[in-house]
Amino acid sequence: MKITREEVEHVAKLARLNLSEEELVRMTGQLDNILAYVAKLDELDTEGVAPTTHAFSINNAFREDEVTESLPRAEALANGPDENGEAFVVPRII
Amino acid sequence: MNPFELTIGQARTELDDGNLSSRELTVSCLDRIKNVDSKLHSFLLVTEEEALQQADEADRKIASGGAVDPLCGIPLSIKDLLCTKGIVTTCGSRMLENFVPPYDATVIEKLKAQGVVILGKVAMDEFAMGSTSENCAFQVPENPWKKGYVAGGSSGGSASSVAGMECLGSLGSDTGGSIRQPASLCGVVGMKPTYGRVSRYGLVAFASSLDQVGPLTRDVTDCALMMNAIAGYDRRDSTSIQRATPDYTDSLSEGLQGLRVGIPREYFGEGLDPEVARVVENGVEILKRAGAVTVDVSLPHTEYGVAVYYLIAPAEASSNLARYDGVAYGYRDPNADTLMDMYRETRSHGFGDEVKRRILIGTYALSSGYYDAYYKKASQVRTLILNDFKKAYDFCDVIISPVTPTPAWKRGAHVDDPLALYLSDILTISANLAGIPGISVPGGFSSEGLPVGIQLQGPHFSEETLFRVAYNLEQGTGLGNRCPDIG
């Protein structure tokens, strides 16, 4: 086993996902298959190989620090599932 | 000939000569959509009213005399993960079912500046995660060449709408083959540009170091025309690259004298359908007749590409998709009492199976204790794959190969076995990991009548060469602008 049911439950919690019993069983099996397959990478010796995070590396993309127009508040709020005209509204936190 | 059957290049001539108006062309496409989309299911949304307004605007521009932009008045479809101002952009997900972007993606701005007609938004796998478009939360596009067969994915709606002649071209996106693979399965041309060549601003992010926007069209000339319109630096995408963009149509018809075509033995291995191999071999013969020479090259880490991709792409996705929390936009579960419950219920109901699966893999690969074994290891092997290409391009100018190991398959074939489907991406994935451009061009048909594409890959920023080789292939096969009988 590459991954256990408990580990999948833990990862789901980190990812803010609730899994039903059926999903948990199915996902554990599928993830186990996938992780068993990717273990293929262990065949390769990568000692000293620099990792690639971007295939085409560029330096920092700087721009002038100028004030420009930003999205008007009403437009920014327009897609909000719940808003009060000034801010997004969420369930009580404190 | 119906107007919708014209290529972009042909339509341009007809529009400029006054033989056809953009409104007539647009109405012809809208009628075509009405006639065939109940079978193809390409369009999630048809924006008829806006399209007709854009067509009339284009007609006014053309009538006012003077030169217009090459895409002025041309009706296109757009993959539903590119933000279109005021037009719902779902990304194929319940999560964004009602999301109306307040701005246009840079590529949409560029198309609008040319005066294109946007017919609507087309189907795709949810968040571009999939190889068949069956992960779309709303509908699954059909392969126009054979009923019951997949159009490919994730840009399946783009491919089916272009092949089914519902539009003259489409914009898609390619993270691991999502333009080239559906283009191949549907018999159209599709290009994934060099990473950084086309702006990703306004593209809903899946895996940011791999995603790239590109065109799907009915012939190579049209693909070059669309690339001319969308390529270029954008300061709003910090990974876009400052580099002059050539006119990709300039050198299309030049021959291939002395061009070195690499044949990578690893792309012709076990699991390759002999019919697909024959199509590519025929392509090689066409290029030789046009003056090219062939060279055997090796990309020894090809077999590790799928494993690398299915760690890196989910890792980036798990981070990118953390933004769907039900707060600022998108779906929110209405029943949660606490903030934590709201996050969890929103994400559990808003995302489909494949998206959840990839978030879980990615979160796992990045989590404490596993990062080195999975994400870091994959990023190191990514370097080896990139180096394979660099070495190969010392000996050749382009690499020719199949796009997919088989032609299109039946719907539902891999529903319970995600890994089997991931493995079908093996021939397209490496280009994304290496950031190099690739193009899929129709090469022939299987005995079942399904299209088979040929892939050309080149070094960074070699799009011009790829277009020229692709054009020569197209001349040799005579397979530009083919339409299936949809019945």
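B:Met165 lies in the loop between α5 and β4 (169-173) of chain B, where helices (H or I, at least four residues) and strands (E, at least two) are DSSP runs numbered from the N terminus. This is a predicted model, in which local features need pLDDT of at least 70, side-chain atom pairs count only at pLDDT 80 or more, and totals for chains, interfaces and linings use all residues. Residues are numbered from 1 along each chain as its sequence is written, while chains are lettered from A and ligands numbered from 1 in the order in which they are written.

**Backbone of chain B**

- B:Met165 has a positive phi of about 60° although it is not a glycine, and it counts as buried (20 or more other C-beta atoms, placed from the backbone, within 10 Å of its own), with 24 C-beta neighbours inside 10 Å.
- B:His41, in the loop between α2 (22-40) and β1 (43-46) of chain B, is not a glycine either, yet has a positive phi of about 55°; B:His41 is buried, with 22 other C-beta atoms within 10 Å.
- The peptide bond from B:Gly153 to B:Ser154 is cis, with omega near 5°, and B:Ser154 is found in the loop between β3 (117-122) and α5 (156-163) of chain B.

**Contact between chains A and B**

- Chain B brings 54 residues to the contact and chain A brings 41 residues, two residues being in contact if their C-beta atoms, placed from the backbone, lie within 7 Å.
- On the side of chain B that touches chain A, α12(B) gives the most, with 10 residues.

Definitions and conventions. A residue is buried if 20 or more other C-beta atoms lie within 10 Å of its own, exposed if 12 or fewer, and partly exposed in between; C-beta atoms are placed from the backbone.
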